[in-house]
Amino acid sequence: MGRKPDVRQVEEVALALRMTEAERIEFGYYIEDCKRHGDRGSKNDRGDFTWDELMRKGREFPGDDR
């Protein structure tokens with residue numbers, strides 16, 4: 001069984017933004033924290049983020065200067 005599509009997309013964004021493995025893990029936690037606090041994506045009813053939304057989140061990721 002492969003990774004869920006939303007997890008795979010987070011990994012692809014992290015790769016596109018040249019995040020380290022540690023940053024990618026923290027980015028995943030950051031995305032989940034955003035969802036928990038009401039900052040949800042528009043992709044579906046679960047609040048998953050679209051590619052563009054994830055790229056924007058990746059660029060605003062704390063401490064990121066991309």
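**A close look at the aromatic cluster and the charged pairs**

Mentor: Let us begin with phenylalanine 27, which in this predicted model is buried, with a relative accessible area of 0%. Phenylalanine 61 is buried as well, at a relative accessible area of 10%, and since buried means under 20%, both values fall within that class.

Of the 66 residues, 38% count as buried, and residues 24 or more positions apart account for 46% of the contacts with a separation of 6 or more. The chain exposes about 4700 Å², of which carbon and sulfur atoms supply 49%.

Now to the rings themselves, where a search of the whole structure finds two aromatic pairs. In one of them, the rings of phenylalanine 27 and phenylalanine 61 have centres 5.5 Å apart and planes at 75°, and because planes over 60 degrees apart count as edge-to-face, the pair is assigned to that class. Phenylalanine 27 lies in helix H2 (residues 21–36), whereas phenylalanine 61 lies in the segment after helix H3 (51–60), so this pair ties together parts that are 34 residues apart in sequence.

The other pair brings in tyrosine 30, whose ring centre lies 5.4 Å from that of phenylalanine 61, with the planes at 65°, so this pair too is edge-to-face. Tyrosine 30 belongs to helix H2 and phenylalanine 61 to the segment after H3, and the pair therefore links parts that are 31 residues apart in sequence. Tyrosine 30 is buried, as is phenylalanine 61. Taken together, Phe27, Tyr30 and Phe61 form one aromatic cluster.

Side chains of opposite charge can pair when their charged atoms come close. The structure holds seven salt bridges, and one of them joins lysine 35 and aspartate 48 at 2.7 Å, N to O. Lysine 35 lies in helix H2 and aspartate 48 in the loop between H2 and H3, so the bridge ties together parts that are 13 residues apart in sequence. Both partners deserve attention for their burial: lysine 35 is buried at a relative accessible area of 12%, and aspartate 48 counts as buried at 4% relative accessibility.

Another salt bridge is formed by the side chains of aspartate 39 and lysine 57, at 2.1 Å, N to O. Aspartate 39 lies in the loop between H2 and H3 and lysine 57 in helix H3, so this bridge connects parts that are 18 residues apart in sequence.

Glutamate 60, at 41% relative accessibility, counts as partly exposed. Elsewhere, salt bridges that share partners join Glu32, Lys35, Arg46 and Asp48 into one network, and lysine 35 and aspartate 48, described above, are among its members.

Note on methods:
Residues numbered from 1 in each chain as written. Predicted model: local features only at pLDDT ≥ 70, side-chain atom pairs only at ≥ 80, totals over all residues. Heavy atoms only, no water. Phe/Tyr/Trp six-rings, centres within 6.5 Å; stacked < 30°, edge-to-face > 60°. Helix = DSSP H or I, 4+ residues; strand = E, 2+ residues; numbered from the N terminus. Buried < 20%, exposed > 50% of the residue type's maximum accessible area, 1.4 Å probe, protein only. Salt bridge = Lys/Arg side-chain N within 4 Å of Asp/Glu carboxyl O. Contact = heavy atoms within 4.5 Å. Areas by Shrake-Rupley, 256 points an atom, 1.4 Å probe, with all protein chains shown as cover.
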